Amino acid sequence: MQYHFPKMTVLCLSLLSVTSLYSQEKTVAGPAKIPSGTPIYVQLDHNYPLRAGQAVQAHVAYPVYVGAQIALPASTLVDGHIESLHPALRDRRTARWNGDFTPLRLADVVFDQVTLPDGENVRIRTLGADQGVQTLRIGPTNAARHSIIRTQLDAIKGEVRNSIQVFSAPDKADRFKQILWHQLPWRPQRLDKDSEWSFELVGPVLIPGTAAEVKAKPASEKLTAARTLHAHLNQPISSRTDKRGSIVEATVLEPLYAEDKSIEVPQGSILEGTITEAKAARWLGRDGKLRFTFKSVRYPEGFEQSIAGTPSATSTDAQHPLTMDVEGGVKPAPKDRFLRPLLSVYLANSAMDQETNSSVLNASASNSFGLVGRAMGAAASSPSIAAGIGYYTAAREVYASWVARGRDVRFAQNTRIEISVQPRSGTSLSANTR
């Protein structure tokens with residue numbers, strides 16, 4: 001016995017079938033849930049005076065993903081305030097040797113509100129943000145070895161370029177004003193514009209109004225070619241405290257898509273590796289060195305794949321720059337160890353070589369303690385006093401460059417890094433077979 005369905009019924013069934021297939025390709029529109037502990041990186045939009053309770057505003061520096069979806073786009077506004085201030089004891093000691101008696105303090109900044117692109121405000125709870133710094137992005141440079149003279153010449157050229165940028169780069173008027181402030185024995189403190197801050201969410205955050213998008217299915221073969229991953233370090237590492245063989249972990253911050261738009265490496269995957277070289281800074285100005293590699297990636301599903309991963313770029317404090325070689329080794333950028341001490345000695349000698357007492361030469365020779373030192377040198381009736389202040393500066397420069405301990409390599413927790421990875425064939429395992 002045969003049944004004949006009306007044409008309208010057949011049409012309705014066909015539409016339901018197409019709708020069902022289409023729904024499998026789409027995610028249901030709804031809020032994106034940013035999990036607790038997610039690091040968010042922001043940059044300040046203005047300069048702010050350093051005082052408790054001061055409101056601050058920043059923008060998201062890098063997009064925040066949840067799975068394959070952007071939950072917070074770059075440039076999203078974030079509002080917060082300075083919750084408290086505490087003494088910067090180490091910085092205070094260093095500043096006093098340079099004639100700066102400002103009671104330097106560090107700020108604990110709490111960000112508590114996000115303004116979405118559509119204007120909606122979302123409350124967030126965060127841990128206190130790390131002290132903000134001006135950052136630089138560094139990548140691999142030529143690993144060729146140079147003589148100490150060539151290295152110092154390159155360092156001097158770099159300092160000359162930086163000196164020129166003081167008067168040529170944007171915001172030069174504000175920068176020049178800050179140079180004058182730093183010559184005084186006391187100066188007002190502030191949070192600098194464009195300094196980068198990072199903080200972690202205390203609890204999950206729901207971002208409403210996220211648009212539906214095509215579901216990206218994980219690639220069946222996972223990582224299949226050489227790619228670059230954006231990640232952050234899960235723990236701090238240092239050339240001083242860590243040893244060769246210490247474990248390093250990083251979390252993938254942005255999903256990596258294959259050519260067919262499927263997810264090759266999901267956001268939240270864990271990269272595991274080890275420190276392959278760690279040299280602590282030593283006396284006589286010898287800097288530390290750090291090198292680490294990644295050996296495997298563990299996907300959220302529990303699947304693990306062996307890789308060869310090397311850092312290819314990272315963020316660094318602009319005041320303490322680093323350099324990276326093509327194999328991922330990181331060390332402090334070379335600094336001038338000749339010109340500054342020689343110039344200090346030359347200026348100090350100029351006070352003793354003058355035929356008649358000159359206030360201008362005395363002020364130039366006593367190039368220490370900022371404006372106070374120069375004023376003392378100019379007011380002194382004896383060139384010996386001005387020269388003595390200048391020789392103090394020369395001795396301090398010689399000690400810092402040639403006697404004191406060098407600089408260590410330090411990466412704070414949540415430091416963003418880019419990692420060049422490539423798969424190792426035949427080494428993929430599921431979590432149950434390890």
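Rings of Phe, Tyr and Trp (its six-membered ring) form a pair if their centres lie within 6.5 Å; planes under 30 degrees apart count as stacked, over 60 as edge-to-face and the rest as tilted. With that rule in hand, select Phe 292, Phe 294 and Phe 411, which ring pairs link into a cluster.

The model on display is predicted: local features need pLDDT of at least 70, side-chain atom pairs count only at pLDDT 80 or more, and totals for chains, interfaces and linings use all residues. Residues are numbered from 1 along each chain as its sequence is written, and side-chain values use heavy atoms, with hydrogens and water left out.

**Aromatic pairs**

The structure holds 6 aromatic pairs. Select Tyr 299 and Phe 303 next: their ring centres are 5.9 Å apart and their planes at 25°, so this pair is stacked. Burial is described here by relative accessible area, where buried means under 20%, exposed over 50% and partly exposed in between (1.4 Å probe, protein chains only). Tyr 299 is buried at 2%, and Phe 303 is partly exposed at 26%.

Move to Phe 338 and Trp 402, whose ring centres are 5.2 Å apart with planes at 70°, so the pair is edge-to-face. Phe 338 sits in the loop between strand S24 (330-332) and H5, and Trp 402 in helix H8, so the pair ties together parts that are 64 residues apart in sequence. Helices (H or I, at least four residues) and strands (E, at least two) are DSSP runs, numbered from the N terminus.

**The surface patch**

Leu 342 lies in helix H5 (residues 339-353) and is exposed at 58%.

**The cores**

A nonpolar core is a set of buried Ala, Val, Leu, Ile, Met, Phe, Trp, Tyr and Cys residues joined through side-chain atoms within 4.5 Å. In the largest core, of 29 residues, select Val 42, Val 109, Phe 111, Leu 191 and Phe 199, which touch the most other members. Strand S8 (105-115) is among the elements that give two or more residues to this core, and S8 gives the most, with 4. Centre on Leu 191, whose contacts (heavy atoms within 4.5 Å) include Leu 44, Val 56, Ile 82, Val 109 and Trp 197. A second, separate core of 27 residues includes Ala 231, Val 297, Met 324 and Ile 419.

**Salt bridges**

There are 12 salt bridges, each a side-chain nitrogen of Lys or Arg within 4 Å of a carboxyl oxygen of Asp or Glu. Select Asp 174 and Arg 190, with closest N and O atoms 2.7 Å apart. Asp 174 lies in helix H4 (residues 172-181) and Arg 190 in strand S12 (residues 190-191), so the pair ties together parts that are 16 residues apart in sequence.

Finally, select Arg 416 and Glu 254, which meet in a salt bridge at 3.5 Å, N to O. Arg 416 is buried at 10%, and Glu 254 is buried at 17%.

Technical notes: Lists of a residue's contacts leave out its neighbours within four places in sequence.
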